[in-house]
Amino acid sequence: MSAVLTLDFTVNGKRRRVRVPPMKRLLDVLREDCGLTGTKEGCGEGECGACTVLMDGVPVNSCLVPAVQVAGVKIVTVEGLAKGPALSVLQRAFVELGGTQCGICTPGILVTAHALLRRAKGRVPGDGEVRVALAGNLCRCTGYQMIVNAVRAAARETRASARKRVARAAKPVARAKTRPVRAKAKPARPKAKIARTTAIPVKTQPKAVPGRKRARR
Amino acid sequence: MPLRSIWTTGARRRNLLRMTRTSTRRTRPKTTLRPEPAVGVSVPKRDGADKVTGRALYVDDLKLPGMLHGRTVRSTVARGIIRRIEFDPAFDWSGMVIADHRDIPGENCVAHILEDQPLLAVREIEHADQAILLLAHADPERAAAALGAVRVEVESLDAVLSIEDALAARVKIHGEDNVFKEYNIARGDLAAGFAAAAVVVEGVYRCGHQEQLYLENNGMIGERTAEGGIVVRGSMQCPYFVHHALQRAFGLPPEKVRVIQTVTGGGFGGKEDYPSVIAGHAALLAWKSGRPVKLVYDRLEDIASTTKRHPAVIRVRTGHQRDGTLVATDVDAVMDGGAYVTLSPVVLSRGALHAGGAYRCPNVRIRARAVATNTPPNGAFRGFGVPQTVYAMESHMDRVAAELGLDPLVLRRRNAVVLGDVTPTGQVLRESVSAVEVLDRTAERAGWAAKRGRYERENAAAERAERAGRFASGGRRLRRGIGLALGWHGAGFTGSGEVRLQSLAALELTPGGRPRVLAANTEIGQGAITVFTQMVAERLGVAPGFVLVETPDTDRVPDSGPTVASRTTMVVGGLLEQCARAMRERLELFAERALDGDADFRRVARRFLAERGPLRVERRYQKPPHIVWDEDTYKGDAYPCFSYGAVAVEIEADLDTGEVSVLRVTTAQDIGKAIHPLLCAGQIEGGTLQGLGWALLEEVRWKDGRVWNHQLTNYIIPTAVDAPPFDVVIVENPYSGGPFGAKGVGELPMDVPAGAVVAAVAHATGARLDEIPITPERLLRALDGRKEGR
């Protein structure tokens, strides 16, 4: 029998310790040892991208990564894209804009797109840029156009909600005349409804202040 | 006629892209006597949330207690006789379950149309990668390692590996002529037609295998129940096909066999018949071991051994008047069926019925044959024989246009079928005929005339400049072109197929007072269950999200037929729509008033359940009386109606590397009614890209009867960068027999693009290729030939 390795790493923000052979594929470690079956195998040779996960923020094909390489790293899988039960903006865009059909490539594509949007830092990536970023993720159902649309729509929406947040954070000052005491004491809750569910960190996002109702809507 | 463009009308596009608010759990207004329409609206896909969060469980995600992992020992030769099977004594065989044909409790066959395909080889090997025996072990790695410890000694025999070999019949592997099936369709007087023609044009068109390449590989889990039955769950399109096959293989009555669909990662026809094989294998290992057995293929095994699109050689000869009018059409199509009959006769039949194209022609002869070869059986793949024959006809029409000096659009418009025209089987096209309209819409949208002129001028200018030694930046010699094609696709089973199927669908009330759809049709990504809930919701006056859908499970759902043939929305959706109307009538009669939305429905339904007991409404397929089909003579209404599509493809070809990239695709498709416009556009875009892949990239290469490129590394499908932008126009010309006017949409998009690609390449480069895929090698050879020809 081959040697067994004790491995400590982080998956979706949770610390994990697993005992696995050093050359076991990260894909299998996630699916079998961590019970996270959201990451899929499409080809097992790094061509289709269905098994894409983030390794310290970088998308990798988890079927090509041996367990020994993940000691101490932070892994994010599709299960870690949404914070809490609600869908992230990107996930919701995929559901509403036809970005997912059979769904087997979807986890990998979401992870790759998530990394792209994080790199874009609030900018809406162009059609060609999204296509190049997704070139390592095969999809047989959609023809890709709706996937590209969904990624760009999510970027737009994230940017729009980030702008709203900035605007709202500035509002208490403007409103000071009409509601001087409360507005000054408690700045508006910075996140819009959608933003609360987003998993895409936005630079301009101010810290949340608990205890105040949503400013509007 | 109502027209709908999905992506390109500004307002609609903006609306779609702006995204609606999270609506999966949206509550509807309290009182809505006129509820929001459910049909024609792009509601969130029912299975979407599970698929974007990783919650959706596919077969490989399931783990049952005590489960073993199965593997298949396969033949490495194409044809031969098994002489000996040896198990390496040095290997640790403890805990290994081994099953061969002798363990099959029932008949050793994969029951379908004929019963010629064995579940496991007995003595004869008929194709490479044929299953010989099965292994299972609790440790998947041990099971995999055991494959190398089994030695199968096979005495090789001469094999038939191509259509040409099969027709030559020097080696006979099926009957005297290696022909599985032949169809002949005739109308009018062919000889008189050709005699009257001013121009006769002939061409031979070839196309190769195509792998469905669903991203989820095939897989099944088999279990033996305590009561002596079997349960199989896995990735599939047609639970009752598997159910039927298992009954025969295990000699069990229907009630002892249970088949359950798991979330299925794409099918495209590839999970129509082959799952019966894997289900039989997994169940056999479970039967022998008494433990659940998971048998999931990896990509290599899936490509090497499962079904593919039939390769074809198609000779087309047509006679025309000077103005292009078709007066005679003679088609001879030969398809490679592979080693066993499986679905080949039906694929061939559909291919033959569409082989004349969507054109009016008084004198037609269509001969179609499927031949036997020692290659893995070919099977269903989106289009089901039609992409092959329509590709041939459309390539041919482009050639005719060139010979007659006509604009390909003008030639097609002149001959395209219109209301009242008659097909080669004598079917009168009574309603919903849109061939001319889809051509016009596509040409208009694509800017056909302007682009043709522009590309021709630019190509000529580039050639002049290059002759003068002036090259474009990068030194690349690029040419652009635009090509057009027209296709049609009959929705539903061919001829009396639907009558034989006798599909039964049902709608029931759950104890909680919600409607639940009971159908064996599977969600494989296309959105079947979303569309079902929409159609039922529309008739019940409730929100689509209020309607539940039962998992396809042969213990729980009636046999509403397979999820194939572009029939799910039109045929099964139609049955469900009738069920919903009947259910509403029952409940309204009971309540003595009209139902009003979800909450009211639930109130009335609960009262009904309390006072009258359970409510289940069933509807069985009834043939519309005006549809008449004669199976023996192949005369009559082959299909209740046809969907029509036209595609314009713009390409750029590199004259030095032979690479072709697709710049843009414009397509108008008449599908009767878009129940869910976004999903319909998804079918059209995805199907079109598969067609482009088939025309340009996807080539299954063979070595001694085995697939040589059984990997995604070298079997190339289009990526996001290869895929062009799609401009999709959905034309809604309703069919009176379909629910809300809907016809089929699943397959049509795959039928049309290849012919347009060939035409676009010819337009760009002057090289007319008669074989697809147009790989760089083929294009360069053709370009060399063109130069020599000058």
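Predicted model: local features only at pLDDT ≥ 70, side-chain atom pairs only at ≥ 80, totals over all residues.
Residues are numbered from 1 along each chain as its sequence is written, with chains lettered from A and ligands numbered from 1 in the order in which they are written. Helices (H or I, at least four residues) and strands (E, at least two) are DSSP runs, numbered from the N terminus.

Let's stay with chain A and look at its open sheet of 5 strands, ordered β2-β1-β5-β3-β4 with mixed pairing; two strands pair if DSSP finds at least two bridges between them. Because β2 (14-20) and β4 (58-61) of chain A stand at the edges with a single partner strand each, one side of each is left without a neighbour in the sheet. The twist averages 40° from one strand to the next. Strand β1 (residues 5-11) of chain A and β2(A) run antiparallel, joined by 7 bridges, and T10(A) is found opposite R15(A) in β2(A).

Now move to chain B, where another open sheet has 6 strands in the order β8-β16-β15-β14-β9-β29, again with mixed pairing. Its edge strands, β8 (179-187) and β29 (771-772) of chain B, each pair on one side only. Within this sheet, strands β14 (residues 312-320) and β15 (residues 326-338) of chain B pair in the antiparallel sense over 9 bridges, with R317(B) opposite D330(B) in β15(B). Helix α10 (residues 386-404) of chain B lies across β9 (199-207), β14, β15 and β29 of chain B and runs at about 140° to β9(B).

Elsewhere in chain B, strand β2 (residues 68-74) is largely enclosed by the rest of the structure, because 6 of its 7 residues are buried. β2(B) pairs in the parallel sense with strand β13 (residues 293-296) of chain B over 2 bridges, and L68(B) has V293(B) as its bridge partner in β13(B). With strand β6 (residues 131-137) of chain B, β2(B) pairs in the antiparallel sense over 6 bridges; there R71(B) has L135(B) as its partner.

Finally, look at where the chains meet: 48 residues of chain B are in contact with 47 residues of chain A, contact meaning that the C-beta atoms of two residues, placed from the backbone, lie within 7 Å. The largest share of the side of chain B that touches chain A, 8 residues, comes from α18(B). By class, that side of chain B has 24 nonpolar, 16 polar and 8 charged residues, where Ala, Val, Leu, Ile, Met, Phe, Trp, Tyr, Cys and Pro count as nonpolar, Asp, Glu, Lys and Arg as charged, and the others, Gly among them, as polar.

Technical notes:
Buried ≥ 20, exposed ≤ 12 C-beta atoms within 10 Å, placed from the backbone. Axes fitted to C-alpha atoms, helices over the stretch in contact; angles between N-to-C directions.
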